[in-house]
Amino acid sequence: MLRLCGFLKSNVVSSYKNSIQETVCYLRNGKGLSKRCLSQKGTYDASIRGPGSIKKDESEKITPLGWFLLMIPITTFGLGCWQVKRKLWKEQLIKDLKHLTGIPPVDLPEDLDTLRDMEYRAVRVRGTFLHDKELIMGPRSFVRPDGAETAGGLFSQRDAGNGYWVITPFQLADRDDIILINRGWIPRKYLKPESRKSGQIKGELELTGVVRKGEQRPQFTPEHKGDVFLYRDLPRMCQVSGAQPILLDASYETTVPGGPVGGQTRITLRNDHLSYLITWYSLSLATSYLWYRIIIKRKPF
């Protein structure tokens, strides 16, 4: 009996001491906690949360692959913003071109180098065509400036998709310089000068033309075919004709019956940036939703 009482007394005292130690550990709020307290607290918290809680926390973290996939909506959103800037730039460019072509024509400047900064400006020139040095560029489709029938009934509507431009050297009247004039468009069947003799203007005349610059060879465009130029290769044209590197597109008013149809300057530019920005923003929105659903919410399809 005495042994039993001693055993109970020792257990009660030991339990009381342990309770006091745990109470002191928690009252200290983690300051100077012993390893035993920390281990006991960690064991207690883990017992409350459950054995699978640690794995669950780790699975909710975004992996490096998840952060990498976030670049898709970010990149497409940036491309959409870039297309907004491109759209504003293109609209301003079209507006500027219309303004330049609407300015009244001016006389040809004394210094021909000035024309390099006057593209799409209309200028007046006086001189004589040198038909024996005529150049051909194409093939080109016909540009109808006013929507009306072409002068002189030179060709039918079905011929409008297949033709060439006639580039003729022009001897200036008040100086020794020779420039190039794009007289306009002709159908393929009138490619030879002999087939359009009535359109070969003789003598001195005054005309109005739009200043144009040369161009580099477009991608995938072959070299020129014989005497036919495929693009505005001013250095080569000047080498063949002996003219200065100045090219004017003759206005529609210079058209004569039986000759090329002038006014072939294209001032319209493609502006598809609205569709591009809608596409990029749509992709950004769709991929953002997919990233949120799969990476954040862990909801597979």
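Guide: The model is predicted; local features need pLDDT of at least 70, side-chain atom pairs count only at pLDDT 80 or more, and totals for chains, interfaces and linings use all residues. Residues are numbered from 1 along each chain as its sequence is written, and side-chain values use heavy atoms, with hydrogens and water left out.

Visitor: Why is Arg196 called buried?

Guide: Buried means under 20% relative accessible area, exposed over 50%, partly exposed in between (1.4 Å probe, protein chains only). Arg196 has 2%, so Arg196 is buried.

Visitor: What makes the link between the side chains of Arg196 and Glu134 a polar contact?

Guide: A polar contact is a pair of N or O atoms within 3.5 Å; within protein, one must be able to donate a hydrogen and the other to accept it, and residues adjacent in sequence count only if both atoms are side-chain atoms. The Arg196–Glu134 distance is 2.7 Å. The side chain of Arg196 also has a polar atom 2.8 Å from the backbone oxygen of Tyr190.

Visitor: Why is Cys81 called partly exposed, and why is Cys238 called buried?

Guide: Cys81 has 29% relative accessibility, so Cys81 is partly exposed. Cys238 has 11%, so Cys238 is buried.

Visitor: How many disulfides are counted?

Guide: A disulfide is a pair of cysteine sulfur atoms within 2.5 Å. The count by this rule is zero.
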